[in-house]
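Please look over the sequence and the model shown here before reading on. The paragraphs after them are meant to be read with both in view.

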Amino acid sequence: MTIKLEDIYKIAPHHRFQWEKAQDCYVILFPEGMVKLNGGAGEVLNLVDGNHSVEKITEELVKKFPDANGIDKDIIGMIEMALEKAWIEKTN
Amino acid sequence: MAEKNNGVSSNTTTTQPLWLLAEITYQCPLQCAFCYNPTDFDKHTQNELDTESWIKVLRQSRELGAAQLGISGGEPLLRKDIEEIVTEASSLGYYSNLITSGAGMNEKRIDALKDGGLDHIQLSMHDITEEINNFITNTKTFKLKQKIAAMIKDRGYPMVLNVVLHRYNIDHIKEILEMAEGLGADYIELANTQYYGWSLVNRDQLMPKKEQVLHAEKVTNEFRERIGNKMKIFFVVPDYFEDRPKKCMNGWGEVFMIITANGDVLPCHSARVIPNLEFPNVRNTDVKQIWYDSPAFNKFRGTDWMKEPCRSCSEKENDLGGCRCQAMLLAGDAESADPVCSKSPNRHLIDQAIKDTENPGLEAKPIMFRSNKNSKKISEGEEKERLAKFHALP
């Protein structure tokens with residue numbers, strides 16, 4: 001599926017995204033599964049909240065990490081992966 | 001890497017118990033012939049932890065990093081305080097799962113559990129036929145399960161079905177998958193019987209033939225291809241039919257921890273079969289201390305404990321020598337290679353078991369159901385002959 005900049009995604013039902021203090025990372029939890037997310041992936045999913053469009057997510061992360069070059073591509077890649085794994089779904 | 005200290009590795013692990021299984025009671029109205037619970041559960045049924053103790057250990061485990069919580073048994077719904085425990089678990093931030101046969105569930109309880117924040121319910125199903133369901137559980141529970149499945153769906157829980165596969169239902173795999181699809185299941189776990197506890201006692205009766213297993217795997221793959229992401233299918237590999245052992249529990253004391261009804265803490269479901277290991281108890285020890293410092297949890301961490309052929313095996317990190325309990329139960333030595341491995345000197349035990357499926361002598365040795373009465377018999381040393389047959393040692 002092609003990700004468009006105006007797309008808005010949210011965490012899929014039956015999944016939970018949360019910060020784990022003991023692991024010092026974000027995780028996604030679902031029946032029979034738990035995935036620890038690396039820093040970048042966690043930052044992206046943290047903004048996949050049913051309010052931010054892909055464009056807005058990119059803007060915010062570019063602002064937050066001004067020294068990271070070309071992260072827009074990584075962000076799209078991350079959203080594609082999460083969609084493929086059915087962790088997130090489209091709302092619009 | 002763990003350091004050695006008097007033969008027991010000491011507190012250097014960096015792992016965390018991400019998965020916590022709370023085996024909250026060993027009581028169960030069903031008598032499934034394949035139950036993995038200890039055959040001598042009768043000894044552990046007294047002295048169950050009370051509500052307050054469960055809440056305390058849930059809090060301790062959560063601080064340690066546990067995030068996935070399974071509430072199991074026995075039948076957990078036999079406890080009146082499941083709603084209270086679930087509510088507490090949810091407020092602590094666990095992703096909680098009630099693992100149930102459905103017995104003891106009703107409209108009021110399922111609503112209370114939802115209100116308390118329960119994330120999902122895993123329901124055991126046994127077959128598409130009432131006859132096999134009732135036979136293998138030794139109870140009339142077929143209609144109940146259909147009813148509870150509908151209730152789970154109706155309340156908006158993700159529907160996770162668990163079907164233990166054995167020679168009586170494995171040929172119905174296609175119909176079982178279709179039933180799950182019809183019920184609107186989101187996940188189905190097809191768990192080929194692993195032989196521990198009651199299923200080991202009943203291995204001759206339960207173990208399917210190789211061609212049955214291959215057929216089931218083929219049908220499952222075809223079904224998976226058709227249904228895609230709509231229903232996720234986990235096929236738990238029947239390890240006897242493989243030539244490399246499973247990486248059991250993803251490693252001893254790596255990510256998984258079980259707290260049993262009486263407060264004993266185990267690295268895996270069957271760990272009590274290993275002799276001379278004293279399992280710590282939450283009544284007198286903090287969970288953190290148990291996970292990091294107890295000799296039981298450190299015993300098989302890493303690879304330092306290994307003997308040949310595991311020690312010099314190039315694949316030792318892949319499977320960590322397989323299952324310690326299976327090595328104990330079959331080869332009589334918990335430090336030996338899992339007999340499933342084709343490099344194990346005891347592989348012939350597995351090959352013999354596979355050969356025996358051709359002529360299992362089902363009439364001669366009736367199935368032994370998981371009942372309090374049978375458990376008592378086993379605790380008191382009856383049925384020794386039946387149990388002795390599986391071991392390599394005299």
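The model is a predicted one, in which local features need pLDDT of at least 70 and side-chain atom pairs count only at pLDDT 80 or more, while totals for chains, interfaces and linings use all residues. Residues are numbered from 1 along each chain as its sequence is written, and chains are lettered from A and ligands numbered from 1 in the order in which they are written.

Chain A has 3 helices and 5 strands, where helices (H or I, at least four residues) and strands (E, at least two) are DSSP runs numbered from the N terminus. Along the sequence these elements of chain A are arranged as β-β-β-β-α-α-α-β. The radius of gyration of chain A is 13 Å, close to the 12 Å that the globule rule gives for 92 residues, so chain A is as compact as a globular protein of that length; the radius is taken over C-alpha atoms, and the rule is 2.2 Å times the number of residues to the power 0.38. Along the principal axes, the C-alpha atoms of chain A fill a box of roughly 35 × 30 × 20 Å. Of the 92 residues in chain A, 28% are buried, a residue being buried if 20 or more other C-beta atoms lie within 10 Å of its own, exposed if 12 or fewer, and partly exposed in between, with C-beta atoms placed from the backbone. Among the contacts in chain A between residues at least 6 apart in sequence, 57% join residues at least 24 apart, and two residues are in contact if their C-beta atoms, placed from the backbone, lie within 7 Å.

Chain B contains 16 helices and 11 strands. Its radius of gyration is 21 Å, close to the 21 Å that the globule rule gives for 394 residues, so chain B is as compact as a globular protein of that length. The C-alpha atoms of chain B fill a box of roughly 55 × 50 × 45 Å along the principal axes, and 47% of the 394 residues of chain B count as buried. For contacts in chain B between residues at least 6 apart in sequence, the share that joins residues at least 24 apart is 73%.

Where the chains meet, 12 residues of chain A are in contact with 17 residues of chain B. On the side of chain A that touches chain B, the elements that give two or more residues are strand E2 (16–20) and strand E3 (25–30) of chain A, and E2(A) gives the most, with 3 residues. By class, the residues on this side of chain A divide into 6 nonpolar, 3 polar and 3 charged; Ala, Val, Leu, Ile, Met, Phe, Trp, Tyr, Cys and Pro count as nonpolar, Asp, Glu, Lys and Arg as charged, and the others, Gly among them, as polar.

Within chain A, the axes of helix H2 (residues 54–64) and helix H3 (residues 71–84) come within 10 Å and cross at roughly 135°, the axes being lines fitted to C-alpha atoms, for helices over the stretch in contact, with angles that run from 0 to 180 degrees between N-to-C directions. H2(A) and H3(A) are therefore oblique to each other, since angles under 35 degrees count as roughly parallel, over 145 as roughly antiparallel, 65 to 115 as roughly perpendicular and the rest as oblique. In this pair, Val54(A), Ile57(A), Thr58(A), Leu61(A) and Val62(A) of H2(A) meet Ile71(A), Asp72(A), Ile75(A) and Ile79(A) of H3(A), and the contact has 7 nonpolar, 1 polar and 1 charged residues.

In chain B, helix H2 (residues 82–92) and helix H3 (residues 107–116) pack at an angle of about 20°, with their axes 8 Å apart, and that makes H2(B) roughly parallel to H3(B). Glu83(B), Val86(B), Thr87(B) and Ser90(B) of H2(B) make the contact with Arg109(B), Ala112(B), Leu113(B) and Gly116(B) of H3(B), which by class gives 3 nonpolar, 3 polar and 2 charged residues.

The loop between strand E5 (95–100) and H3 of chain B holds Gly102(B), which counts as buried, with 21 C-beta neighbours inside 10 Å. Leaving aside neighbours within four places in sequence, Gly102(B) is in contact with Leu123(B), Leu144(B), Lys145(B) and Ile148(B).
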